[in-house]
Amino acid sequence: MKITMLGTGAALPDPDRGQSAILISTDAGKHYLFDCGEGATRQMVRANINPADVGLVFLTHLHHDHISDFPYFVISSWMLNRTGSPILLGPKGTKNFANHLFEDGAFRADFLARSAYPVRKDNIEAVRPDVREIVPGVVYEDSDIRITALHVDHLPHEICECYGVRVEADGKVVAFSGDTKPCPAMVELARDADLLIHECTFPQSFIDHRAKTGVGTYSHTSPLGLGLIANEARAKSVVATHFGHFDSTSPVLKRAAAKHLPVELMGPHLMEDVVRDIRKNYQGPLRLAHDLMRIDL
Ligand SMILES: [Zn+2]
């Protein structure tokens with residue numbers, strides 16, 4: 001299988017990183033998208049993949065940096081001649097999210113205008129996603145892939161359930177954390193996985209600063225925590241992702257983030273700290289994700 005890291009950033013607009021989105025392409029040529037943050041659709045085209053050929057989208061949770069490109073993905077796939085409904089898997093609340101987007105929602109005018117054309121009427125199912133709210137366990141299976149999802153620990157459940165996944169395809173296993181602090185479910189999902197793709201939102205210096213200033217959520221995984229998870233799960237290789245802009249050199253981000261991030265520490269050099277801290281607990285193959293990074297398993 002092939003994995004394309006479409007977006008490797010987090011919640012802020014980042015000139016160098018799109019928001020969370022990972023595409024898994026099986027040897028049989030089927031494409032499965034995990035998270036659909038800002039930029040996901042355009043990045044697919046850059047990676048030479050037609051969004052209309054992506055049949056399934058899995059949303060780990062409903063934070064905007066994991067879902068904001070979804071309406072664009074659906075409408076542009078419709079225009080790119082998708083046939084049939086895309087499958088949308090996600091936590092409780094996903095139906096509400098999807099039902100308020102298209103013919104009965106925010107993009108109703110677009111839907112009405114475009115569906116007036118016979119050619120768009122012919123594939124109108126493309127803009128009617130087949131939405132399935134999941135419960136923990138095996139959440140999807142076809143001849144190419146099996147997806148198992150478990151609750152991870154990021155947001156209070158009453159706000160939104162958050163999932164991590166274990167994907168089995170082509171005789172390989174890939175686990176993806178979504179957003180979470182270190183949790184036993186992620187160890188279970190990543191058990192002996194060929195590849196663990198895990199969030200690594202902030203380096204330790206940022207976590208310490210945020211703890212001191214009382215800003216933001218701490219429901220993320222530090223590099224030290226990531227190393228522990230990878231080691232405990234016996235993951236055969238690791239890709240760290242979902243970087244919270246700490247490596248950015250953008251003056252806009254530095255000015256705007258001053259209230260909740262130690263901007264004087266920001267810069268690409270922090271990636272050295274990230275690797276050093278992951279390495280304290282995990283010594284296997286390790287890569288830091290960047291947009292459009294490709295991994296062949
Ligand atoms: Zn996120």
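**Exercise 1.** Which residue in β14 stands opposite threonine 4?

*Solution.* The model is predicted: local features need pLDDT of at least 70, side-chain atom pairs count only at pLDDT 80 or more, and totals for chains, interfaces and linings use all residues. Residues are numbered from 1 along each chain as its sequence is written.

Step 1. Helices (H or I, at least four residues) and strands (E, at least two) are DSSP runs, numbered from the N terminus. Strand β1 comprises residues 2-7, and strand β14 comprises residues 293-296.

Step 2. Two strands pair if DSSP finds at least two bridges between them. Four bridges join β1 to β14, and the two strands run antiparallel.

Step 3. Threonine 4 stands opposite arginine 294 in β14.

Step 4. β1 also pairs with strand β2 (residues 21-25), in the antiparallel sense and over five bridges. There, isoleucine 3 stands opposite isoleucine 24.

**Exercise 2.** Determine whether proline 156 is buried or exposed.

*Solution.* Step 1. Proline 156 is found in the loop between β8 (145-151) and β9 (163-169).

Step 2. A residue is buried if 20 or more other C-beta atoms lie within 10 Å of its own, exposed if 12 or fewer, and partly exposed in between, with C-beta atoms placed from the backbone.

Step 3. Proline 156 has 10 other C-beta atoms within 10 Å and is therefore exposed.

Step 4. By contrast, five of the six residues of β1 are buried.

**Exercise 3.** State which residues of helix α3 are buried, and where they lie on the helix.

*Solution.* Step 1. In α3 (residues 70-79), the buried residues are Phe70, Pro71, Phe73, Val74, Ser77 and Trp78.

Step 2. Seen down the axis of α3, these residues fall within an arc of 165 degrees (the arc of the directions from the helix axis to the C-beta atoms), so they line one face of the helix.

Step 3. Just after α3, asparagine 81 takes a positive phi of about 70 degrees.

**Exercise 4.** Identify the strands that stand at the edges of the seven-stranded open sheet.

*Solution.* Step 1. The strand order is β7-β8-β9-β10-β11-β12-β13, with mixed pairing.

Step 2. β7 (137-141) and β13 (286-288) each have a single partner strand, so one side of each is left without a neighbour in the sheet, and these two strands stand at the edges.

Step 3. Within the sheet, seven bridges join β8 to β9, which run antiparallel. Isoleucine 147 stands opposite valine 167 in β9.
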